[in-house]
Every structure is written in structure tokens, then in C-alpha cells.
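Please look over the structure before reading on.

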Amino acid sequence: MREILQHFAEVPLEAVPDGTLLLTEGELSGRVYALAEGQLEVLRGDTRVAILDEPGSIVGEMSVLLVAPHTATVRALGDAKVHAVENAPAFFESRPELSWLLAQLLARRLNAGTTYLVDLKRQFAGYGNHLEMVGEVLESLMHQQERHFYPGSDREPGID
């Protein structure tokens, strides 16, 4: 992550007080943030997904890469310092060397998510009820190749 942080050296550092919303789930901002100090809380709905505290942690990149609304809300957990990029597409385009690091980061996240989902699939295999549908969902996610994929359900439709 610190290697990623080096690519943000020219981006001004901003102090963000406790509770400051950096990204809001469902909004399209075009921004990314790289954590320099402190902690960021990642929320999906009311569920805490992660607490980021490693310098160089980056948030907002999925929205920028997919040209889709943010999939989570990110807020400062305590006072923090971040490098804020307002026009992330232009930032990434001007730093092609950053793409390899970003690809590695996203691959690690995908691997962690896939490992977790496979574990769930094993736990609920053979139940013969709605829990067994986890396998079908996993199979669908593993082979998803569409350019515009927005996770959701009939209760929470995707955005097209």
C-alpha cells in the first residue's frame, strides 16, 4: 500500500475530522482518496465492511473504473489525513505505472472475497433450501464478464 501512496505524493494532503463522509454509497463522484494517516470506515448500508488504517489504502477506485456509483460509504473514523483526487479518471490516465499496483490490490480483494464465498458455499452445501442458492450465486459471480455489472437484487435493483 505504501507503494501506492508514493503515486499520490503530488496530490495535496487534506485533514478530515472524525465522521467526515468522503464517499456516499449510490453516488457517482469521480473521486478517489488515498489514506495517509488515521482510519477510514467502509459501510455498505448499515453494515461495516472494513476499517482501513494502512497508509496507501485507496477508496473510490471501483466507482471510477466501472463508471458506476460508489458501492459503499466511506467516512473518517477519528481524525484522518487523505490525499483527495477530484478527477480520478484523469489522475489514473496520467499515471499508467499505477495501474499494475491497482490491479494487484483489486486482485487481492477479489481473492479474499472469493475465498470467503467458497467457504460459505461449502458450509451450506446439501442443505436443500434457499441457503444452497449460495452456490448458484457464486457460479454466476465467478463468470461475470459484462462491462456494466451492478450488484443488487429485486429488492434493491441495479442501476443501468
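α2 (61–66), α3 (88–93) and α4 (98–124) each contribute at least two residues to the lining of the second largest pocket. The model is predicted: local features need pLDDT of at least 70, side-chain atom pairs count only at pLDDT 80 or more, and totals for chains, interfaces and linings use all residues. Residues are numbered from 1 along each chain as its sequence is written, and side-chain values use heavy atoms, with hydrogens and water left out.

**Pocket**
- The second largest pocket has a volume of about 180 Å³.
- A pocket here is an open set of points on a 1 Å grid over the protein atoms alone, where a 1.4 Å probe fits, with protein on both sides within 12 Å along at least five of seven lines; lining residues have an atom within 4 Å of a point.
- α4 gives the most to this lining, with 5 residues.
- The lining comprises 8 nonpolar, 1 polar and 2 charged residues; among them are Phe 92, Glu 93, Arg 95 and Ser 99.

**Helix α4**
- α4 has 27 residues and spans 39 Å from first to last C-alpha, close to the 39 Å expected at 1.5 Å a residue.
- Its buried residues (under 20% relative accessible area, 1.4 Å probe, protein chains only) are Leu 98, Leu 101, Leu 102, Leu 105, Thr 114 and Leu 120.
- Gly 126, with a positive phi near 85°, follows α4.

**Sheet**
- Four strands form an open sheet in the order β2-β7-β4-β5, with antiparallel pairing.
- β2 (21–23) and β5 (47–52) are the edge strands, each pairing on one side only.
- β2 and β7 (residues 73–76) pair over 2 bridges, and two strands count as paired if DSSP finds at least two bridges between them.
- Leu 21 stands opposite Arg 75 in β7.

Notes
Grid points are joined across faces, edges and corners, and a volume is the space filled by probe spheres set on the points. Ala, Val, Leu, Ile, Met, Phe, Trp, Tyr, Cys and Pro count as nonpolar, Asp, Glu, Lys and Arg as charged, and the others, Gly among them, as polar. The expected span of a helix is 1.5 Å times one less than its number of residues. Buried means under 20% relative accessible area, exposed over 50%, partly exposed in between (1.4 Å probe, protein chains only).
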